[in-house]
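Please prepare a structural briefing on the protein chain shown below.

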Amino acid sequence: MKASILLVDDDRELLSLLERKLSEEGFRVSTEENGSQALDRIRRKMPDLVILDVNMPDLNGMEICKALRSDATTQNLPVIMLTARDDQIDRVLGLEFGADDYITKPFNARELVLRIKNALRRTPEAIHQKEIYKLGNLQINFSTHEVTIKKEKIPLTLTEFKLLEKLIETPGKVQSRSVLLDEIWEYGDDVLSRTVDTHVQRLRSKLKDAGKHIQTVRGVGYHFVEKQ
């Protein structure tokens, strides 16, 4: 079945252009110009991916993203943010609110399609079946995409889960920021290394005491250390 995408932007001309381009790529596309209406629509019928403009009247893209991440039914929904400004603050804030990716206007349609496909590949259905991983109070079920600490479910975004999975696959081995950007985001050259740092910080926070197992190697990247 074709993946469904909801485009949310108050720019009608851009919505029309993107709807046509993405439809030509084989996606099922719907659009909304209002943030509140978009959020209601997502809750009624969840798409496979949402593309949100940062700057909108009513609810802006960051507020919508935050609402999606705070709801158990939508917390894993892939979200790509659009921003009209080449502003690192906008990018970092978007990632901190839980966006999986961002793209700055104006952008190439092919680049957006690539990022959409990458985000969709990071959905739970794309994760290989693996045994349950346990370390102290931390338990990760790679087949069901569930992370628990003391039996309490920890809500992770798709990108956060993929990042955790990558680090755990090679315990003790240092993963450079460039490798993580290339393998998690799959287009490393045009993504800020701060993207990795922001996701790691948020992941550590969500994992609480277990976050100490993700350690920084100054000037290089990160590794997952099982023994403390």
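β6 and β7 form an antiparallel pair over three bridges; helices (H or I, at least four residues) and strands (E, at least two) are DSSP runs, numbered from the N terminus, and two strands pair if DSSP finds at least two bridges between them. This is a predicted model, in which local features need pLDDT of at least 70 and side-chain atom pairs count only at pLDDT 80 or more, while totals for chains, interfaces and linings use all residues. Residues are numbered from 1 along each chain as its sequence is written, and side-chain values use heavy atoms, with hydrogens and water left out.

**The antiparallel sheet**

- Axes are lines fitted to C-alpha atoms, for helices over the stretch in contact, and angles run from 0 to 180 degrees between N-to-C directions; contact means heavy atoms within 4.5 Å.

**Aromatic pairs**

- Rings of Phe, Tyr and Trp (its six-membered ring) pair if their centres lie within 6.5 Å; planes under 30 degrees apart count as stacked, over 60 as edge-to-face and the rest as tilted. By this rule the count comes to two aromatic pairs.
- The ring centres of Tyr133 and Phe224 are 6.3 Å apart and the planes stand at 75 degrees, so this pair is edge-to-face.
- The pair links distant parts of the chain, 91 residues apart: Tyr133 is in strand β6 (residues 133-135) and Phe224 is in strand β12 (residues 221-224).
- Tyr133 has 14% relative accessibility and counts as buried, and Phe224, at 0% relative accessibility, counts as buried. Buried means under 20% relative accessible area, exposed over 50%, and partly exposed in between (1.4 Å probe, protein chains only).
- Phe142 and Phe161 have ring centres 5.8 Å apart and planes at 65 degrees, so this pair is edge-to-face.
- This pair also links distant parts of the chain, 19 residues apart, with Phe142 in the loop between β7 (138-141) and β8 (146-149), and Phe161 in helix α6 (residues 158-169).
- Both Phe142 and Phe161 are buried.

**The parallel sheet**

- An open sheet of five strands has the order β2-β1-β3-β4-β5, with parallel pairing.
- Its edges are β2 (28-32) and β5 (101-104); each has a single partner strand, so one side of each is left without a neighbour in the sheet.
- On average, neighbouring strands of this sheet are turned by 20 degrees against each other, direction ignored.
- Strand β1 (residues 4-8) pairs with β2 in the parallel sense over five bridges, and Ser4 stands opposite Arg28 in β2.

- Helix α8 (residues 193-207) has 15 residues, which should span 21 Å at 1.5 Å a residue; its end C-alpha atoms are 22 Å apart, which agrees. The expected span of a helix is 1.5 Å times one less than its number of residues.
- Buried residues of α8 include Thr195, Asp197, His199, Arg202 and Leu207.
- Lys21 lies in helix α1 (residues 12-24) and is partly exposed, with a relative accessible area of 37%.
- Lys21 and Arg110 are 89 residues apart along the chain, and their C-alpha atoms are separated by 9.1 Å.

**Positive phi values**

- Most residues other than glycine have a negative phi.
- His145, in the loop between β7 and β8, has a positive phi near 65 degrees; His145 counts as buried at 8% relative accessibility.
- Lys150, in the loop between β8 and β9, has a positive phi near 55 degrees; Lys150 is exposed, with a relative accessible area of 64%.

**Whole-chain totals**

- The protein chain has eight helices and 12 strands.
- Of its 228 residues, 52% are buried.
- Among contacts between residues at least 6 apart in sequence, 58% join residues at least 24 apart.
- The accessible surface of the chain comes to about 11300 Å², of which 48% belongs to carbon and sulfur atoms. Accessible areas come from the Shrake-Rupley method with a 1.4 Å probe; for residues, only the protein chains shown count as cover.
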